[in-house]
Amino acid sequence: MSQGPRSGLAAVSSALLAMSRHLEVRDVLKTIVASARELLGAQYAALGVPDDHGGFAQFVVDGVSDAQWKAIGPLPRQHGILASMLREAKTERLADVRKDPRFEGWPSAHPDMSDFLGLPIKDGDEVIGALFLANKNCPKPEGSCGFTQDDEELLSILAQHAAIALTNARLYERSRELTIAEERSRLAHELHDAVSQKLFSLRLTAQAAAALVDRDPSRAKGELQQVAVLAAEAADELRAAVVELRPAALDEDGLVATLRTQIQVLDRAHSARVTFDSCGVRALPSAQEEALLRVAQEALHNALRHSGAERVDVTLARRGSAAVLRVADDGGGFDPKAIRRAGRHLGLVSMRDRASGVGGTLTVESAPGKGTTVEMEVPGG
């Protein structure tokens, strides 16, 4: 390593902390690859997670542009040196990968690579991935490998922690799948217990109104008014159940685009002016994006329904290494302490739970006549 011991240790520590911060498998893979390339000073890095059919279920690269990656074509198969790493579970350090007898070539758009360092990522005896680097950024004599024994040992340490981070991410995703299944069951029960009962009452009341139209119009009018009340209650129950589902737009468009679209709709639907501005926020893990969206929705609901605000401003911006959501209104405000004493939370408990659940924090500033500002901060923006 060209770095001194202290700076090298700091770089390793930063890489390990970055890996442990993410929960989604794809995010963990990207962090591992980027950390390995930066830490060892390589031009290219990649990590492949094998499937059961001779290919890779996931393959993440760093140092290759999106356009170049698309031009390369389909994911590689488990052949040549990659297959050897996965099958024999041993480290490979080569002066020129192109001269190795196992080398089988690469697509025309593939970048040219020479010196090579690769090793398997293992969970116990199981090989769960292959991590490799190419083209060490350093002077090297003709025919020699830029990667050193120290690089190999450092990458081995990184791979051991990568195995832990990747295993934890997989467990987290499985846990989320179970949670989704439980949520579907909960939603089904709520729809049956609440909405279906309201609709049943709605149907009976409508039938009663129809029977009374001719012989008792005034009573029929009363029944029709009750129909309107029941319909509104059913719509509220359905909305409360559906709002807990992750919106498809978040997966397709990302947090910034989803927030912008929803706020444009709210601006048209309400008399209050609702604005949105975003600056410098990178893509976040999906759990954090969903939590930020839900907090924004809850804060907007409170501002537009309860505060009497004439203006609500929503911003999503980068603050150091964090992303910060801010929802500020010029409404009537409230005394947060009085709200807690009265047992009314305006969704504050839910918002704080969502924030803490993704490693973030939530602050609420408000006072009677002074408006309200809700701010949520999450790491990694």
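**Figure 1. Asn 135 in strand β5.** Asn 135 is buried, with a relative accessible area of 10%. The model shown here, as in every view, is predicted. Asn 135 belongs to strand β5, which covers residues 126–136. Its phi is near 60 degrees, a positive value in a residue other than glycine.

**Figure 2. Overview of the chain.** Eleven helices and ten strands make up the chain. Of its 381 residues, 39% count as buried. The accessible surface comes to about 20700 Å². Carbon and sulfur atoms hold 51% of that surface. Among contacts with a separation of 6 or more, 62% join residues 24 or more positions apart.

**Figure 3. Ala 89 in the loop between α4 and β3.** Ala 89 sits in the loop that runs between α4 (80–88) and β3 (92–94). Its phi is near 55 degrees, a positive value in a residue other than glycine.

**Figure 4. Ala 169 and Asp 27.** Ala 169 is part of helix α5, residues 149–212. With a relative accessible area of 1%, Ala 169 is buried. Asp 27 is 142 residues away from Ala 169 along the chain. The C-alpha atoms of these two residues are separated by 9.0 Å.

**Figure 5. The aromatic pair Phe 59 and Trp 69.** The structure holds five aromatic pairs. In the pair of Phe 59 and Trp 69, the ring centres are 6.0 Å apart and the planes lie at 5 degrees, so the pair is stacked. Planes under 30 degrees apart count as stacked. Phe 59 comes from strand β2 (residues 56–62) and Trp 69 from helix α3 (residues 66–72), so the pair ties together parts that are ten residues apart in sequence. Phe 59 is buried, with a relative accessible area of 6%. Trp 69 counts as partly exposed, at 24% relative accessibility.

**Figure 6. The aromatic pair Phe 116 and Phe 132.** The rings of Phe 116 and Phe 132 have their centres 5.5 Å apart and their planes at 25 degrees, so this pair is also stacked. Phe 116 lies in strand β4 (residues 116–123) and Phe 132 in strand β5. The pair links distant parts of the chain, 16 residues apart. Both Phe 116 and Phe 132 are buried. Ring pairs join Phe 56, Phe 59, Trp 69, Phe 116 and Phe 132 into a cluster.

**Figure 7. The buried face of helix α8.** Helix α8 has 15 residues, 255–269. At 1.5 Å a residue it should span 21 Å, and its end C-alpha atoms are 21 Å apart, which agrees. Leu 255, Thr 258, Leu 259 and Ile 263 are buried in α8. Seen down the helix axis, the buried residues of α8 fall within an arc of 120 degrees, so they line one face. An α-helix has 3.6 residues a turn, so residues three or four places apart point the same way.

**Figure 8. The largest nonpolar core.** This core has 36 residues. Leu 259, Val 312, Leu 325, Leu 362 and Met 376 touch the most other members. Elements that give two or more residues to the core include α8, β6 (273–279), β7 (311–319) and β8 (322–329). Helix α9 gives the most, with ten residues. A second, separate core has 29 residues, among them Ile 32, Ala 45, Val 60 and Leu 133.

**Figure 9. Contacts of Val 312.** Neighbours within four places in sequence are left aside here.

Figure 10. Leu 348, Met 351 and Ala 355 are buried in α11. These residues cover an arc of only 65 degrees around the axis, which puts them on the same side of α11. Asp 353 and Gly 357 are exposed on the other side. The buried residues of α11 pack against α9, β9 and β10. Gly 359 follows α11, and its phi is positive, near 80 degrees.

Terms used. Residues numbered from 1 in each chain as written. Predicted model: local features only at pLDDT ≥ 70, side-chain atom pairs only at ≥ 80, totals over all residues. Heavy atoms only, no water. Helix = DSSP H or I, 4+ residues; strand = E, 2+ residues; numbered from the N terminus. Expected span 1.5 Å × (residues − 1). Buried < 20%, exposed > 50% of the residue type's maximum accessible area, 1.4 Å probe, protein only. Arc of directions from axis to C-beta. Core = buried A, V, L, I, M, F, W, Y, C linked by side-chain atoms within 4.5 Å. Contact = heavy atoms within 4.5 Å. Areas by Shrake-Rupley, 256 points an atom, 1.4 Å probe, with all protein chains shown as cover. Phe/Tyr/Trp six-rings, centres within 6.5 Å; stacked < 30°, edge-to-face > 60°.
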